[in-house]
Structures are given as C-alpha cells and as structure tokens.
Amino acid sequence: MLSRRDALLAAAGLLAARAGANPGGEVAADGAAESLRVLPGKKPLIQRVFRPPNFETPLADLVPLYTANSTFFVRYHLANIPRVDAAAWRLQVGGPSAQRTLTLSLKELRSGFEHATIVALNQCSGNRRGLFTPRVPGVQWGSGAMGNARWSGVRLRDVLHKAGVAGDALEVVLNGTDSSVLPATPDFVKSLPIDRALDESTLIAFEMNGEPLPHWNGAPARLVVPGWTGTYWVKHLSEIRIQPNAFDGFWMKSAYRLPTGAFATARFVSQENTDTTPITEMLVNSLITSPVPGTRLRRGEPARVAGKAWDAGSGIAAVEISIDGRQSWRDARLGPDIGRFAWREFQLPLDTSRSGPLEIAVRARSRNGALQPDHLTPNPSGYHDNMVQITRVEVS
Ligand SMILES: Nc1nc2c(c(=O)[nH]1)N[C@H]1C(S)=C(S)[C@@H](COP(=O)(O)O)O[C@H]1N2
Ligand SMILES: [Mo]
C-alpha cells in the first residue's frame with residue numbers, strides 16, 4: 001500500500017525516480033521509501049536538500065543508543081561551508097558586556113579550561129515537519145533530524161567568565177565560519193539568554209562520541225545546548241559576543257519563532273514580543289524504531305515494540321504503548337538512564353496472537369508531568385511535532 005506521502009509523490013510523478021535512487025529499499029520512520037546519498041565522510045543519509053546540505057538519519061541508524069558520527073544528521077542554512085583548519089582556527093570572545101577580549105586557539109581552549117562531557121540529544125526544531133498536515137514550507141524532514149551523542153569540550157560558562165561577564169549582560173551571541181553565497185542571505189548567527197549561556201550544561205564541544213567533531217557536525221568546535229533545539233547548537237563556532245541588548249539578527253528576530261504562549265517551554269524574554277517568541281526547549285516526545293512501518297509479523301511469533309523517548313531534561317518517567325486504538329495503555333520497560341538530556345530506550349513485547357492489521361501507538365511522559373498529545377499545535381514553521389505516533393504493521 002502507498003503511504004499518504006508516496007501517494008502524493010506518485011501523483012507528482014516522482015515515485016519512480018525515488019524508488020530508482022533507492023535500490024536498497026531504505027525506509028524512513030513514516031515508512032516512505034527515501035533516496036539515500038553520501039556526503040564525504042558520512043554513510044548514506046536521506047537527502048532532503050543538496051545545497052545547503054540537509055541530510056537526515058535513516059530509521060535503522062537511530063536504533064543504537066549513541067548515534068554514530070558517520071550517520072548523524074546534517075543541517076545547514078547556508079551553502080558556503082569552508083573546511084576549517086583546526087590549527088589556524090581561533091575563537092574570538094568579547095562584546096560590549098565582556099570585560100576583556102580573548103582569542104583562543106583550539107589548543108588553548110583544550111588546555112585552558114576544565115573538560116566536561118554530557119550525553120545529549122540534538123534535535124532540529126523542524127524534525128517531522130514533513131509529516132505536518134497541512135503542509136508547511138521548509139525542509140521536509142521525516143523523523144530523523146535528530147541524534148543522541150556524547151559531547152565533550154569545555155563549559156561556555158568558564159570561557160565567558162574568563163572574558164569577564166559585566167553586570168548588564170543580557171544575551172550571548174554566537175557565530176560560526178559558514179556563510180551565505182548570496183549577499184542578500186543573512187549570516188547564521190544565534191543568541192542565548194545570559195542565564196542559559198551560563199548554565200553548566202552548555203558546552204563548547206570539540207568531541208562527539210570520543211572523536212573529533214566531523215566536519216559536517218561543526219569541526220573544530222560547536223555549541224551544545226542540552227535540552228534546547230538544534231538551532232542554538234552553532235557549528236564551526238568562531239565568535240562569541242556578550243551584550244547588554246537583544247540581538248536582532250534575522251535568525252533570532254524572524255526565524256525559529258513560535259506563537260507567544262503556544263507552548264509551555266522555557267521563555268526567552270529578551271526576544272519575546274506579543275505575537276511571537278523564539279523556540280527554546282524540546283517537548284516530550286518518542287520514536288518507534290521497531291517494528292518498521294509496514295512490517296509483516298508472523299502470527300504467534302515473539303515480537304516487540306522498541307524505540308526512544310526524550311524531553312528537555314526533566315527525564316522520562318514512563319513510556320506507554322497502546323494496540324487497541326488508544327483505549328488502554330501498558331507501560332514499556334525503560335532502558336538505562338544515561339543522562340537527563342539523553343534519549344531513553346523503551347521496549348515492550350507485542351501480542352501477535354491475532355492476525356490482522358495492528359496499530360501501535362506510543363506516548364512518553366516526562367518527569368515534570370508532560371504527556372505527548374494526540375494533536376499538533378499548529379505553527380507556521382512546523383516546529384515541535386510531538387504528537388503520538390502510530391506505526392501500522394500486519395500480523396499474518
Ligand atoms: N554554523 C551553523 N551552525 C548550525 C546551523 C547552521 O546552519 N550553521 N544549523 C543549526 C541547526 S538549525 C541545527 S538543527 C543543528 C544541526 O546540527 P548537526 O548538523 O550537527 O546535526 O545545527 C545548528 N548549528
Ligand atoms: Mo534546526
């Protein structure tokens with residue numbers, strides 16, 4: 001059977017082309033066949049946009065507890081992405097609310113500050129945008145614009161304190177070495193509220209899963225803001241500015257914004273207005289990694305539902321699974337807790353005693369009491385899709 005998306009593609013005459021580019025029959029989390037392409041240094045990923053590179057992780061590569069560097073998703077807004085020479089790279093720290101300016105080499109960054117490691121999920125604000133109905137503009141991500149990794153580096157806080165944070169500091173502005181090819185496209189620059197920048201979990205990371213950062217994931221150093229969506233995790237970080245006023249660049253003022261008050265997440269007060277506010281933390285969410293949509297399970301044979309659940313850092317309290325149209329729910333068994341900003345594995349044996357179609361619904365509950373909803377909260381950019389996902393399989 002064709003999925004909703006494949007039916008649309010077939011109508012547009014695109015399905016054959018995609019199937020041809022996809023001889024291995026890779027599937028994304030929504031069961032659609034996807035075209036896999038290789039970025040230098042990466043394994044095949046689902047190509048959403050070629051230039052700038054936007055590649056998502058296939059469902060099968062979201063099964064390991066730590067997402068491999070070679071399969072970790074890649075998201076860029078601008079197409080000029082120079083390979084940074086780590087020996088020549090410098091991090092500039094300053095701004096009107098800094099007491100002094102610093103210029104740090106990678107060696108100085110590594111040797112001058114205490115090292116810190118944190119396991120954290122990096123999820124794009126627009127993960128699952130491609131599943132929104134009605135369709136919203138933007139990269140049409142499936143469920144693979146995310147990954148869980150062990151990040152090592154130094155605390156942003158320690159670097160800011162070395163520069164000296166003045167009493168009037170309001171935001172910290174972060175820029176990387178990538179840039180646009182067209183002068184009209186604004187440079188990708190983000191800011192954080194000063195308290196989030198000074199939070200001990202915010203890192204300048206130079207390692208990912210024990211290896212130097214891959215080029216496509218921000219070498220030689222990137223920001224890691226555990227619990228907050230990927231947009232703040234600035235790659236190829238080269239400039240940090242501490243300032244007493246709200247940063248008014250395009251990627252704060254106009255992009256990555258939500259209707260004010262629509263979501264119960266951390267506020268970013270200095271960037272808020274009556275209509276819109278920047279996206280901040282992730283919502284409680286989950287992903288079924290197994291069975292894959294469309295699987296034929298054999299009647300009476302052992303099977304299980306497995307996947308991942310996460311939130312912004314309160315931790316996962318429970319994952320519930322329903323196979324009776326969401327009338328009754330059973331608690332899945334949770335895997336090891338590897339840190340409050342990491343995803344948590346879950347699994348539950350699946351009843352295959354009756355033949356016929358089976359609809360598996362999963363919802364996660366966070367320790368702060370949030371539960372995945374049954375419906376989307378509409379927003380113009382298609383962010384924060386955390387509604388209960390359903391995987392359809394067949395028992396025969
Ligand atoms: N320099 C730079 N950093 C960036 C971006 C970018 O376009 N340029 N995109 C951000 C967004 S929106 C996301 S979701 C994450 C994705 O991280 P990844 O590409 O390592 O998976 O990077 C963030 N950091
Ligand atoms: Mo993103």
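How many salt bridges does the count give between domain 1 and domain 2? The count there is zero, and the views below show what else can be found in this predicted model. Local features need pLDDT of at least 70, side-chain atom pairs count only at pLDDT 80 or more, and totals for chains, interfaces and linings use all residues. Residues are numbered from 1 along each chain as its sequence is written, chains are lettered from A and ligands numbered from 1 in the order in which they are written, and side-chain values use heavy atoms, with hydrogens and water left out.

**View 1. Here are domain 1 and domain 2 of the protein chain.** Domain 1 covers 90–278 and domain 2 covers 285–395; such bounds come from an automatic or database domain assignment. Taken over C-alpha atoms, the two centres are 30 Å apart. Contact (heavy atoms within 4.5 Å) involves 27 residues of domain 1 and 20 residues of domain 2.

View 2. The size of an interface is often given as the accessible area lost when the parts come together.

**View 3. Look now at the polar contacts across the interface of domain 1 and domain 2.** The rule finds seven residue pairs in polar contact, both residues at pLDDT 80 or more. A polar contact is a pair of N or O atoms within 3.5 Å; within protein, one must be able to donate a hydrogen and the other to accept it, and residues adjacent in sequence count only if both atoms are side-chain atoms. Strands E7 (115–123), E8 (146–155) and E15 (257–259) each supply at least two residues of the side of domain 1 that touches domain 2. E7 gives the largest share of that side, five residues. Helices (H or I, at least four residues) and strands (E, at least two) are DSSP runs, numbered from the N terminus.

**View 4. Glu114 and Arg155 meet through their side chains in a salt bridge.** The N to O distance is 3.6 Å. By the rule used (a side-chain nitrogen of Lys or Arg within 4 Å of a carboxyl oxygen of Asp or Glu), the count comes to 14 salt bridges. Glu114 lies in the loop between helix H3 (106–112) and E7 and Arg155 in strand E8, so the pair ties together parts that are 41 residues apart in sequence.

**View 5. Two cis peptide bonds can be found here, one joining Ala219 and Pro220 and one joining Ser290 and Pro291.** Omega is about 0° for the bond at Pro220 and about 0° for the bond at Pro291. Pro220 sits in the loop between strand E12 (211–212) and strand E13 (222–224), while Pro291 is in the loop between strand E17 (285–290) and strand E18 (296–297).

**View 6. His236 has a positive phi although it is not a glycine.** Its phi is about 50°. His236 belongs to the loop between E13 and strand E14 (237–243).
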